[in-house]
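I begin with the residues in contact and then turn to the geometry.

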There are 2 protein chains.
Amino acid sequence: MGSSGAVPAYGRFPSAQLIEIQNKHFLVDCGEGTQMQLMQYDCPIHRINHIFISHLHGDHYLGLMGLLFTLHLNHRVNDLHLYSHHGLDEIIIAQLKYSNSALRFKLIFHMLNPGVHEILYEDNQLTVEGIPLRHKLDCTGFLFREKQKPRRIDKDRLPQDLTLQQIAALKTGADVEDESGKIRYKNTDLTLSPRKSRSYAYCSDTAFDENLVNIIQHIDVLYHEATFMEREKDKAVETLHSTAAEAATIAKHANVGKLLLGHFSARYKELEPLLDEARVVFSNCYLACEGNTFTIDE
Amino acid sequence: MGSSGAVPAYGRFPSAQLIEIQNKHFLVDCGEGTQMQLMQYDCPIHRINHIFISHLHGDHYLGLMGLLFTLHLNHRVNDLHLYSHHGLDEIIIAQLKYSNSALRFKLIFHMLNPGVHEILYEDNQLTVEGIPLRHKLDCTGFLFREKQKPRRIDKDRLPQDLTLQQIAALKTGADVEDESGKIRYKNTDLTLSPRKSRSYAYCSDTAFDENLVNIIQHIDVLYHEATFMEREKDKAVETLHSTAAEAATIAKHANVGKLLLGHFSARYKELEPLLDEARVVFSNCYLACEGNTFTIDE
């Protein structure tokens, strides 16, 4: 929804991404204007049940209150889970108080633990891990991992006489046995290997930090902030941000499949030069700009 | 900057207007995305020294924090005056606290008095009055009035031998006298009448309220919210908003020069029908949409 750093510029909006996994929708960061961007790109805002806020710099959360009010006015009733560092609850509650509003739905706050790599969310299909990032405020990245998926039934070879229970067991990897416990069909004769379990990490904002490398090793897609070009490296060091080449270095060392860049400084009108610097280090690299969708094949 | 009601829709942004008077810039309301809109329309954001927030519903102030951070990051040092009902200071201070930010410039809070018609701002060229509006929260409209302007020197008839002091006196309406106190030149022989003192009122959000009429009598331009059409009048009554025809009725009874409509409900994709309903009552009426500029001639 937004590729901009702290100051929006050239039509770029501050940080926000919508992650869709197995028909579940997660919002990661929610900079100013996120609700308008979600509408512009026809995203199903009412299907978002979990919002992860990396840190409390304004460009990462100032769109949240407007989104909450809009969900309220659109008669949302389902619980909404918010994951954030300390303070977001106070900020939201003060704004509800002075607008004399009681939301129609329940907000459930989950506090992030600074500096801790841990599972924040888990269901039967995926986990979301919090990743410690190195920034001026407590800051957490988010790693989405699909769990091992079921084996796929090979419909062409499936006998007609199996029960639903036996088919379910096949998906878990079990063989089909007869009443005496003897194998009637071997699992691998009737099933195909599971679809790939995909993974995606969102890392913004952060200084160059090799500690990330182990955590995100071999993931499919890494989003890593790239606020600056190499010639502004001193600014990156000073503000605890990264250059595009540093983002690429992390991607390379972690052997990720693809790298997406974002959080671009307002000083850059054109972004291709940032991409060029990153691609020298890691070629499978793209700009994550407003309205772009990246699909990870299963 | 924004013509939308509480829920942004169809590319419409929430409320905000930039008022320029005698090269001074005032921001009135500051809904989410206002800073991006100000940038898009090349407005000089660093020249805004006074921001008036009508009330603390999110669609009227949620863009303020982002604007403050951007001014800070752009190295603003001049004081910034904020006029608001009780609570905005707490909301801002909490957000500064959790972002660990100290603004480079001073914020000066001015508390609005609910239900009181009073002068909020005054300099040698204009006043800004607070106008009580009738809404679910304490809500104040803003009436900008230029003061009486100096008489204009008629350069074609100005004698060569006058001092700067005598010319300054002519502008105030005085005659030019000789040393004995006898009139040497009558003021009206050397000056033209002053340029017109212009006036503009911003009235959002409000139920239909005839009490407004006296306060805004004969002003040049009235902006009045027009959230609904007549067929949703029951919604207008319930939510303490106005219909377009009600806005026009106020304009007509107050004998204003021109009426601007805004704060349109997300239910309306097309806005011409609202304008049509208003024009039946008051013909000199326009939609105040994103990017529109309205100039009042002197």
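Entry 1. I looked up the contact between two helices and found that Glu90(A), Ile91(A), Ala94(A), Gln95(A) and Tyr98(A) in α3(A) meet Glu90(B), Ile91(B), Ala94(B), Gln95(B) and Tyr98(B) in α3(B), where contact needs C-beta atoms, placed from the backbone, within 7 Å. Helices here are DSSP runs of H or I with at least four residues, numbered from the N terminus. By class, this contact has six nonpolar, two polar and two charged residues; Ala, Val, Leu, Ile, Met, Phe, Trp, Tyr, Cys and Pro count as nonpolar, Asp, Glu, Lys and Arg as charged, and the others, Gly among them, as polar.

I note that the model is predicted, that local features need pLDDT of at least 70 and side-chain atom pairs pLDDT 80 or more, while totals for chains, interfaces and linings use all residues. Residues are numbered from 1 along each chain as its sequence is written, with chains lettered from A and ligands numbered from 1 in the order in which they are written.

Entry 2. I then looked up the geometry: α3 of chain A and α3 of chain B, each residues 88-98, pack at about 175 degrees with axes 10 Å apart, the axes being lines fitted to C-alpha atoms over the stretch in contact and the angles running from 0 to 180 degrees between N-to-C directions. α3(A) is therefore roughly antiparallel to α3(B), a term for angles over 145 degrees.

Entry 3. Finally I looked up the symmetry, and a rotation of 180 degrees with 0.0 Å of shift along its axis superposes chain A on chain B, with RMSD 0.1 Å, by least squares on the C-alpha atoms of residues with pLDDT of at least 70 in both. The two copies are thus related as by a two-fold rotation axis.

How values were computed. Angles under 35 degrees count as roughly parallel, over 145 as roughly antiparallel, 65 to 115 as roughly perpendicular and the rest as oblique.
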